[in-house]
Amino acid sequence: MLGLIKFVQRVPGGSFVTYDVEHYGETQPFWIPDGTVMGTEERRNQSMIPPEYVYKTAKEFQWDIYGENVKLQKQIVNAFTVNFREFERQGRGLYIYSGTKGSGKTMLACCLCNEIIERYGISVKFISVPDFVELIKDKREGSREKTDSIYQTRLLVLDDIGAQTGKQEWIDNALFRLVDYRKREFLPTIFTSNSDAEKLKMDDRTVDRIVSISTDVKIPERSIRREKAAESNRMFIQGLLDAEKA
Ligand SMILES: Nc1ncnc2c1ncn2[C@@H]1O[C@H](COP(=O)(O)OP(=O)(O)O)[C@@H](O)[C@H]1O
Ligand SMILES: [Mg+2]
């Protein structure tokens with residue numbers, strides 16, 4: 001494990017990769033021929049998982065925090081990591097949803113990505129639907145390849161489906177093409193959403209496909225983000241008061 005990738009220069013036949021190593025700095029560029037098996041770290045770097053979740057593992061996702069019975073959800077999520085090959089064989093993914101912001105949907109999806117990268121060493125990509133829409137619009141060099149890699153990655157997270165604004169036909173079509181492709185190629189996708197799949201305000205054809213290739217994971221309606229923020233605020237104030245007393 002070399003640390004974070006700082007720079008990749010692609011040339012025919014392979015790439016020169018420069019790493020940024022803690023307490024050392026930038027390395028000399030390493031020659032990595034095409035087709036070389038990628039390391040976990042490199043997969044992670046290429047996954048586009050948001051920085052706050054890059055190193056989160058399934059163990060860090062607290063199920064007991066919701067104070068509700070989440071046994072079924074937990075079982076489905078465990079099955080997904082343990083039997084991922086079977087999910088792949090069926091081209092099946094997950095639909096993680098809850099109407100409440102901060103309830104842990106994105107975090108859970110990222111924990112699952114990390115788990116899959118670790119266990120199976122396959123390509124995983126994360127993109128939010130608004131970013132996917134921007135990417136499709138982007139005509140700059142490299143955006144086409146990025147779009148292709150999202151189509152073809154072995155596991156894709158499409159975060160916040162249904163959050164795309166406006167019912168513009170081209171957006172609907174772009175999402176249809178992506179979801180349809182993943183379904184036809186048996187490539188699992190994890191969707192996260194604020195809405196029940198059946199109630200997504202999208203093209204019916206897309207909704208049908210999402211429903212047919214996903215297993216639902218309902219996250220309880222509780223803003224864990226807000227609860228954690230309130231708790232750390234309380235501890236901060238308590239710390240100040242204790243210091244004053246001392
Ligand atoms: N089950 C959980 N276990 C631990 N932390 C959680 C959990 N759910 C949410 N959090 C915390 O709340 C934050 C917001 O979660 P996030 O996944 O972004 O919410 P959502 O995508 O549902 O809006 C996370 O960064 C994490 O700190
Ligand atoms: Mg989210």
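What volume does the second largest pocket have? About 540 Å³. The structure is a predicted model.

## Second largest pocket

The lining of the second largest pocket comprises 23 residues. Nearest the centre lie Tyr53, Gly102, Ser103, Gly104 and Arg225. Two helices, α4 (105–120) and α9 (224–245), each supply at least two lining residues.

By residue class, the lining of this pocket splits into nine charged, eight polar and six nonpolar residues.

## Tryptophan 170

Tryptophan 170 sits in helix α7, which covers residues 169–184. Its relative accessible area is 35%. Tryptophan 170 therefore counts as partly exposed, since that class runs between the 20% and 50% cut-offs.

Leaving aside residues up to four places away in sequence, tryptophan 170 touches Val133, Ile136 and Lys137. Valine 133 is 37 residues away along the chain, and its C-alpha atom is 9.5 Å from that of tryptophan 170. There is also a polar contact: the side chains of tryptophan 170 and glutamine 168 meet at 2.9 Å.

## Cysteines

A search of the whole structure turns up zero disulfides. Cysteine 110 is in none; its nearest cysteine sulfur belongs to cysteine 113, 5.8 Å away. Cysteine 113 is likewise in no disulfide, with the sulfur of cysteine 110 as its nearest, at 5.8 Å.

How values were computed:
Residues numbered from 1 in each chain as written. Chains lettered and ligands numbered in written order. Predicted model: local features only at pLDDT ≥ 70, side-chain atom pairs only at ≥ 80, totals over all residues. Heavy atoms only, no water. 1 Å grid on protein atoms, 1.4 Å probe; cavity = no way out; pocket = protein on both sides within 12 Å on 5 of 7 lines; lining within 4 Å. Points joined across faces, edges and corners; volume = space filled by probe spheres on them. Helix = DSSP H or I, 4+ residues; strand = E, 2+ residues; numbered from the N terminus. Nonpolar A, V, L, I, M, F, W, Y, C, P; charged D, E, K, R; others polar. Buried < 20%, exposed > 50% of the residue type's maximum accessible area, 1.4 Å probe, protein only. Contact = heavy atoms within 4.5 Å. Polar contact = N/O pair within 3.5 Å; in protein donor to acceptor, adjacent residues only side chain to side chain. Disulfide = S-S within 2.5 Å.
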